[in-house]
Amino acid sequence: MKKRDLGDVVAELVPSREHKNPRNSEGAFLTLKDGSILFAYSRFKGEGVEDWGISDICAVISKDGGRSFTGHRTLLTSEGENAQNIMSLSLLDMENGDIGMFYLVRHTYTRMQMYLRRSKDGGKTWTDRVLCTPQEGYFVVNNDRVVRLASGRILIPAAFHRSGCQEEAENGWFVDSRSEVVCFYSDDDGVSWQAAEGKCCMPFMKNSSSGLQEPGVLELEPGVLWGFARTDLGRQYEMYSLDHAKTWTGAAPSRFTAPNSPLSMKRDKAGVIWAVWNPIPEYNGREKKTDIFTGGRTPYVIAASTDNGQSFTEGVAFEAEEDHGYCYCAIHFLEDGMLLGYCAGGPKDESCLARIRIRKIGWQELECLKQAESF
């Protein structure tokens with residue numbers, strides 16, 4: 001694995017206990033009609049940094065092509081959503097020209113669902129929310145995961161966790177860490193939603209405490225989907241659908257080694273697939289360099305596929321501090337390069353999830369990465 005300084009860090013969203021902002025994490029980009037770039041993210045407030053801590057959805061904006069981000073503002077509040085927590089958002093251009101913002105609402109410790117709001121004025125005001133996961137349950141959807149397929153269908157890959165109340169459980173409730181992949185979709189540009197028939201489960205579940213967590217989907221050709229999910233078995237697992245997510249093949253280990261940390265993949269306008277992930281599993285005996293939570297999420301590497309996912313170039317590590325953790329990457333393509341927005345916390349931040357870093361990499365550097373050996 002090669003290490004390289006790629007591009008430039010153009011923004012750091014730094015947490016501050018002093019200002020009751022202990023965590024900034026999991027965002028998504030969108031280029032607006034005027035050419036400015038919106039980056040929306042989860043801004044936690046108060047004391048808690050846990051996923052169920054109180055958070056709002058806030059945003060910064062770039063008016064110089066992604067070379068800097070300024071103008072912090074709040075888009076939605078947890079109080080306004082009557083929620084314990086709101087986070088893990090995706091941004092999507094809607095067919096009528098609106099901005100679509102998809103986000104998770106944690107109603108209780110055992111019920112979490114995804115909603116959509118739309119904006120006609122660049123994110124200044126938003127419509128009433130629409131429920132995208134029309135089932136009671138605990139559904140986890142990562143940031144920057146909602147996709148529009150070639151058919152126009154909007155697809156939400158979700159991890160479904162069993163949850164409920166139990167007297168023996170801590171606080172009287174439980175969420176099963178072992179999840180299965182389900183999908184929700186809309187064929188009318190987000191007006192109505194339904195669950196896809198099929199689901200995908202981890203084979204030999206007794207050997208895993210994670211199941212298939214935090215899934216993502218990439219369309220290989222119209223109607224043919226490549227699904228992927230993190231696991232605690234040392235690799236990302238993969239599955240395929242030939243019918244727009246109606247049914248899935250069995251899940252199997254992929255070429256991507258990893259700790260229990262998500263893989264991010266997107267295709268650029270030229271058809272190249274870019275993958276960002278942590279390649280070193282948390283194997284027994286791997287040395288831990290810090291007492292904060294990192295989940296073994298270092299180094300952070302990027303690789304490219306020019307043959308529709310059949311092979312990928314050797315991963316290049318663009319982040320490698322051993323006492324930090326890097327994860328939950330949003331990928332956004334520009335005319336002159338790529339933006340990556342990801343968690344990059346270290347000891348000063350008290351968690352790898354607490355700080356967001358935005359990095360811009362030019363196409364010239366990215367072109368060099370495409371020439372590396374494949375695996």
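**A buried phenylalanine and its surroundings**

At 1% relative accessibility, F184 counts as buried, because the cut-off for that word is under 20%. Keep in mind that the model you are looking at is predicted.

F184 belongs to strand β14, so let us look at that strand next. Strand β14 spans residues 173-186 and is mostly covered, with 10 of its 14 residues buried. On one side of the pairing list is strand β13 (residues 154-165), which runs antiparallel to β14 and is joined to it by 11 bridges. Within this pairing, G164 has F174 as its bridge partner. Strand β15 (residues 194-195) also runs antiparallel to β14, with two bridges between them. Here F184 comes back into view, as its bridge partner is A195.

Now for the rings. The structure holds 18 aromatic pairs. In one of them, the rings of F139 and F184 have centres 5.1 Å apart and planes at 90°, so this pair is edge-to-face. Because F139 lies in strand β11 (residues 138-140) and F184 in β14, the pair ties together parts that are 45 residues apart in sequence. F139 is buried too, with a relative accessible area of 2%.

Another pair joins Y300 and F318: the ring centres are 5.5 Å apart and the planes are at 45°, so the pair is tilted. Y300 sits in strand β22 (residues 300-305) and F318 in strand β23 (residues 316-319), so parts 18 residues apart in sequence are tied together. Both Y300 and F318 are buried.

Finally, the charged end of R153 sits over the ring of Y185, 3.8 Å from its centre.

Key: Residues are numbered from 1 along each chain as its sequence is written. This is a predicted model: local features need pLDDT of at least 70, side-chain atom pairs count only at pLDDT 80 or more; totals for chains, interfaces and linings use all residues. Side-chain values use heavy atoms; hydrogens and water are left out. Buried means under 20% relative accessible area, exposed over 50%, partly exposed in between (1.4 Å probe, protein chains only). Helices (H or I, at least four residues) and strands (E, at least two) are DSSP runs, numbered from the N terminus. Two strands pair if DSSP finds at least two bridges between them. Rings of Phe, Tyr and Trp (its six-membered ring) pair if their centres lie within 6.5 Å; planes under 30 degrees apart count as stacked, over 60 as edge-to-face and the rest as tilted. A charge sits over a ring if NZ of Lys or CZ of Arg is within 6 Å of the ring centre and within 35 degrees of the ring normal.
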